[in-house]
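User: I would like to learn how to read a model like this one. Please take me through it feature by feature.

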Amino acid sequence: MHTDRAESIGVSALLFLAGDEERLIRFLTLTGVSPQQLRAEARSPQMLVAVLDYLLQDESTLLVFASSDGIPPEDIAPARRALAEMAGEIGDPEISV
């Protein structure tokens with residue numbers, strides 16, 4: 001996936017979470033990210049990876065996001081991988097030993 005598309009999906013996912021206080025609080029609580037950290041690093045590949053990881057762990061929320069933004073659900077994992085590569089992560093955590 002092209003990095004511009006991956007970033008676009010990541011930013012859309014973050015806006016989706018931020019658009020609902022309950023979803024945002026759950027994300028912050030489960031990830032340990034502070035509101036200040038989220039604001040400071042909102043567009044960083046690392047933060048967008050965290051957002052997509054969060055969505056990938058909750059299929060119902062992922063499907064609501066994908067539907068609301070017109071993004072095919074199968075594009076989320078490739079976007080996460082592209083952002084992880086941008087962030088300097090090595091390998092694919094889904095298949096690493």
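Analyst: Start at the end of a helix. This is a predicted model. After helix 6 comes Gly 88, with a positive phi near 90 degrees.

User: Which residues of helix 6 are buried?

Analyst: First, the general idea. An α-helix has 3.6 residues a turn, so residues three or four places apart point the same way. Now the case here. Helix 6 covers residues 76-86, and its buried residues are Ile 76, Ala 77, Ala 79, Arg 80, Ala 82, Leu 83 and Ala 84.

User: What covers the buried residues of helix 6?

Analyst: The cover includes helix 1 (3-18), helix 4 (45-56) and helix 5 (59-69).

User: With which residue does Arg 80 form a salt bridge?

Analyst: Asp 53 makes a salt bridge with Arg 80, and their closest N and O atoms are 2.6 Å apart. This pair joins distant parts of the chain: Asp 53 sits in helix 4 and Arg 80 in helix 6, 27 residues apart. Asp 53 is partly exposed, at 25% relative accessible area.

User: How many salt bridges does a search of the whole structure find?

Analyst: Two. Another pairing is Asp 75 with Arg 5, whose side chains meet at 3.7 Å, N to O. That pair also links distant parts of the chain: Asp 75 is in the loop between helix 5 and helix 6, Arg 5 is in helix 1, and 70 residues separate them. Arg 5 is partly exposed, with 34% relative accessible area.

User: What about Arg 23: where does it lie, and what is it in contact with?

Analyst: Arg 23 lies in helix 2, residues 21-31. Set aside neighbours within four places in sequence. Arg 23 then contacts Phe 16, Leu 17, Tyr 54, Thr 61 and Val 64. Its relative accessible area is 26%, so Arg 23 is partly exposed. The C-alpha atoms of Arg 23 and Arg 80 are 19 Å apart.

User: How do I read the overall fold?

Analyst: Count the elements, then check the size. The chain has six helices and zero strands. Its radius of gyration is 13 Å, close to the 13 Å that the globule rule gives for 97 residues, so the chain is as compact as a globular protein of that length. Buried residues make up 37% of the 97. Among contacts with a separation of 6 or more, 65% join residues 24 or more positions apart.

Key. Residues numbered from 1 in each chain as written. Predicted model: local features only at pLDDT ≥ 70, side-chain atom pairs only at ≥ 80, totals over all residues. Heavy atoms only, no water. Buried < 20%, exposed > 50% of the residue type's maximum accessible area, 1.4 Å probe, protein only. Helix = DSSP H or I, 4+ residues; strand = E, 2+ residues; numbered from the N terminus. Contact = heavy atoms within 4.5 Å. Salt bridge = Lys/Arg side-chain N within 4 Å of Asp/Glu carboxyl O. Rg over C-alpha atoms; globule rule 2.2 N^0.38 Å.
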